[in-house]
Amino acid sequence: MLGVATLIISVVFATKVTVPGGLIQEQQDHGLPVYRGKLAFNVFSVSSLSALCFSSISLIMFLNILTSPYQESDIGNNLANKLILGLGFLFISIMAMFLSFFSGDLFVLDSKMKYIAYPIYVLTSCVVLAGFPLYSEIVKMVVTGIPTSTRQHKTSF
């Protein structure tokens, strides 16, 4: 999870500093984005920024877990909450990263190719959302407590 958060930070930072379409080189509007004011560019900018922020928070949470001085008895309390927060921010950053890439694709694709790309976008989003049940199970276990077995084990020789 630490590696995933680091990879997302690296990729999203590279896409954030590379403006789709480039910058205007004319004297009056020098340095402004070419696609400034278009809906796809606004979605790209906001989702790229949110992916960068949420993945950074996720990375900090996972580093906090990794470097914590807690004993094994503390795992059920504070560390589990940090794990839930880290995973939650990681899921949000993955979805924001995909939204950023999808809106960036709208600049590149022809109008006919956009309709072919939409099912791919939906399929990719469904694959990411497939990890959400695992996250909800972890949240449920932390909130309600980890179930313990009540069955007696018999040893026979």
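User: Before we start on charges, what counts as a salt bridge?

Analyst: A salt bridge is a side-chain nitrogen of Lys or Arg within 4 Å of a carboxyl oxygen of Asp or Glu. The general idea is that side chains of opposite charge can pair when their charged atoms come close. Keep in mind that this is a predicted model. A search of the whole structure finds 1 salt bridge.

User: Which side chains meet in that salt bridge?

Analyst: They are K140 and E137, with 3.6 Å from N to O. That distance is within the 4 Å cut-off, so the pair counts. The two residues sit 3 residues apart in helix α5, so about one helical turn separates them. As for solvent, K140 is partly exposed, with a relative accessible area of 47%, and E137 is partly exposed too, at 39%.

User: Happy with that. How many helices and strands does the protein have?

Analyst: There are 5 helices and 0 strands, so from the N terminus on you read α-α-α-α-α. For contacts between residues at least 6 apart in sequence, 70% join residues at least 24 apart.

User: Which residues is I94 in contact with, leaving aside its neighbours within four places in sequence?

Analyst: Those are V4, I8 and V128.

User: What share of the residues counts as buried, and what does the protein expose?

Analyst: Of the 157 residues, 29% count as buried. The protein exposes about 10800 Å², and carbon and sulfur atoms supply 67% of that area.

User: On to the rings. How is an aromatic pair described?

Analyst: You need two values: the distance of the centres and the angle of the planes. This structure holds 7 aromatic pairs. One of them is Y115 with Y118, an edge-to-face pair at 5.7 Å centre to centre and 80° between the planes. Both tyrosines lie in helix α4, 3 residues apart, about one turn of the helix. Y115 is exposed, with a relative accessible area of 62%, while Y118 is partly exposed at 36%.

Another pair, F132 with Y135, is tilted, at 5.9 Å centre to centre and 45° between the planes. These residues are also 3 apart, in helix α5. Are they buried or exposed? F132 is partly exposed at 45% relative accessibility, whereas Y135 counts as buried at 16%, because buried means under 20%.

User: Which residues form the aromatic cluster?

Analyst: F98, F102, Y115, Y118 and Y121 form one aromatic cluster. You have met F98 already, among the core residues with the most contacts.

User: Last one: how many disulfides does the structure hold?

Analyst: In general, a disulfide is a covalent bond between the sulfur atoms of two cysteines. This structure holds 0 disulfides. If you look at cysteines anyway, C53 is partly exposed at 39% relative accessibility, and C126 is partly exposed at 46%.

Terms used: Residues numbered from 1 in each chain as written. Heavy atoms only, no water. Core = buried A, V, L, I, M, F, W, Y, C linked by side-chain atoms within 4.5 Å. Buried < 20%, exposed > 50% of the residue type's maximum accessible area, 1.4 Å probe, protein only. Contact = heavy atoms within 4.5 Å. Helix = DSSP H or I, 4+ residues; strand = E, 2+ residues; numbered from the N terminus. Areas by Shrake-Rupley, 256 points an atom, 1.4 Å probe, with all protein chains shown as cover. Phe/Tyr/Trp six-rings, centres within 6.5 Å; stacked < 30°, edge-to-face > 60°. Disulfide = S-S within 2.5 Å.
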